[in-house]
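Trainee: I'd like to learn how to read a structure like this one. Could you walk me through it, feature by feature?

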Amino acid sequence: MSTLLVMKEQLQVLYAKYSTYITIGMRLILGLLVFGLINSNIGFMKTASSGLCTVGLAAVCAFLPTIVMVLAATALILLHLYSLSMVIAIVAVMYFFVMYIFYFRFTSRLAWLALLTAVGFALKVPFAVVVGIGLLGTPVCLIPAVCGAFTYYMVHFVKMSSSTFKDGSANSMVEGLMSFTKQTLANKEMWVMIAAVIFCVLVVYSVRTRALDHAWKIASVAGTAAAVVVCVAGNVVLNTHISYVVLLVGGTAAIAVGLILEVLFLAVDYSRTEHLEFEDDEYHYYVKAVPKVAVSVPEKSVKHINERQDTGKIDVAQVKKQSAVQNRSNGKVGRREQEAKSADEILLTRSLNKELGLDDPGEEN
């Protein structure tokens with residue numbers, strides 16, 4: 001545990017020195033994941049799905065606010081859908097329009113959550129992201145999380161049904177719009193997973209904000225368990241086909257992420273918990289104080305070894321010896337001066353006593 005805390009302190013120092021470059025690097029990695037997953041799943045437009053386009057978009061968005069990456073991802077999805085079918089593109093535009101209304105109204109600074117949630121679903125570890133949202137965020141973070149989940153399932157549905165839309169089986173644009181909208185909204189697995197996301201975030205947030213020992217650990221386990229129960233119930237009741245292997249791997253990853261986030265953002269010592277009680281003119285206070293775990297980062301000591309080391313030691317010894325000899329000689333001279341000064345004072349005192357008649361007559365005899 002102490003090793004992890006030392007690493008945490010070192011990471012904090014490193015981030016404080018290079019925060020700008022680290023932020024750009026994290027945005028670059030997120031951009032590569034987002035644009036790469038979009039192009040690999042629905043790369044219907046060959047030009048936009050090239051590796052050069054993926055890297056270029058990620059590099060540009062790394063230096064810009066996260067909302068720019070969200071807009072770029074939206075535009076890339078619409079380009080691919082338009083290449084497949086105009087009907088699908090129109091439905092997607094309507095969906096993104098509604099999403100941006102909620103986004104700009106409630107969570108204008110949490111654009112990265114929608115991207116991260118979609119990436120988590122694509123990598124088959126959705127609950128790892130959701131548990132992190134519950135531990136570090138608030139219930140309002142559900143809006144970008146749900147939007148990210150809905151976007152993933154819409155793209156996934158287009159990927160699985162792309163051959164149907166290529167054949168142009170729809171007789172008219174209106175029928176195509178109605179058919180695609182109905183099929184998208186009738187996806188039972190999507191609604192079960194959205195319900196699991198909502199329950200997971202609410203359970204994690206509720207437990208995490210309680211005055212409990214090890215609240216973050218309990219919240220991570222409880223939120224993951226709630227999400228898995230919702231998915232299993234969906235498989236049984238609604239006859240969905242959510243993979244139990246995905247649930248197991250995703251649940252394990254979610255608990256691991258929760259433990260890592262606790263070390264990084266909380267790290268308290270529950271064994272030294274104190275309960276305080278005091279009051280003022282208006283309130284009576286019951287306070288539970290849990291101290292943070294603080295460790296000092298070991299400093300590196302540099303020992304210089306060269307050819308002059310032995311010579312340096314001899315010189316130091318000689319200097320010490322000369323200093324000791326000089327101090328002794330100075331001590332002797334000082335004692336002699338003090339004795340001479342004392343003798344002069346005695347003689348002066350005696351002469352003054354003799355002149356003033358203060359000497360003892362017996363001493364003269």
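Trainee: Let's begin with a helix: what span should the 19 residues of helix α3 have at 1.5 Å a residue, and how far apart are its end C-alpha atoms?

Mentor: The expected span of a helix is 1.5 Å times one less than its number of residues. Helix α3 (residues 66-84) should therefore span 27 Å, and its end C-alpha atoms are 28 Å apart, which agrees. Keep in mind that this is a predicted model, where local features need pLDDT of at least 70 and side-chain atom pairs count only at pLDDT 80 or more, while totals for chains, interfaces and linings use all residues. Residues are numbered from 1 along each chain as its sequence is written, and side-chain values use heavy atoms, with hydrogens and water left out.

Trainee: And how many helices and strands does the chain have?

Mentor: There are 14 helices and two strands. Both are DSSP runs numbered from the N terminus: helices are H or I with at least four residues, strands are E with at least two. After α5 comes K124, with a positive phi near 65°.

Trainee: Which residues of α3 are buried?

Mentor: Buried means under 20% relative accessible area, exposed means over 50%, and partly exposed is in between (1.4 Å probe, protein chains only). In α3 the buried residues include T66, M69, V70, L76, I77 and H80. In α5 they include A111, L113, V119 and F121. Over the whole chain of 365 residues, 32% count as buried.

Trainee: How many of the eleven residues of helix α6 are buried?

Mentor: Ten of the eleven are buried, so α6 (residues 126-136) is largely enclosed by the rest of the structure. Among them are P126, F127, G132 and L135. The buried residues of α6 pack against α5, α7, α10 (188-208), α11 (215-237) and α12.

Trainee: Now contacts. Which residues does N39 touch, leaving aside its neighbours within four places in sequence?

Mentor: Contact means heavy atoms within 4.5 Å. N39 sits in helix α1 and is buried, with a relative accessible area of 8%. Its contacts beyond those neighbours are A48, S49, S50, T54, L76 and H80. For the chain as a whole, take contacts between residues at least 6 apart in sequence: 72% of them join residues at least 24 apart.

Trainee: Which residues touch the most other members of the largest nonpolar core?

Mentor: First the general idea: in soluble globular proteins, nonpolar side chains tend to be buried together. A nonpolar core is a set of buried Ala, Val, Leu, Ile, Met, Phe, Trp, Tyr and Cys residues joined through side-chain atoms within 4.5 Å. Here the largest core has 71 residues, and V34, F35, L81, F96 and F127 touch the most other members. Helix α7 (residues 142-160) supplies the largest share, eleven residues. Not counting residues up to four places away in sequence, F96 touches T74, I77, L78, T151 and M154.

Trainee: How many salt bridges does the structure hold?

Mentor: Side chains of opposite charge can pair when their charged atoms come close. A salt bridge is a side-chain nitrogen of Lys or Arg within 4 Å of a carboxyl oxygen of Asp or Glu. This structure holds two. One joins K288 and D213, with the closest N and O atoms 2.8 Å apart. That pair links distant parts of the chain: K288 is in strand β2 (residues 284-289) and D213 in the loop between α10 and α11, 75 residues apart.
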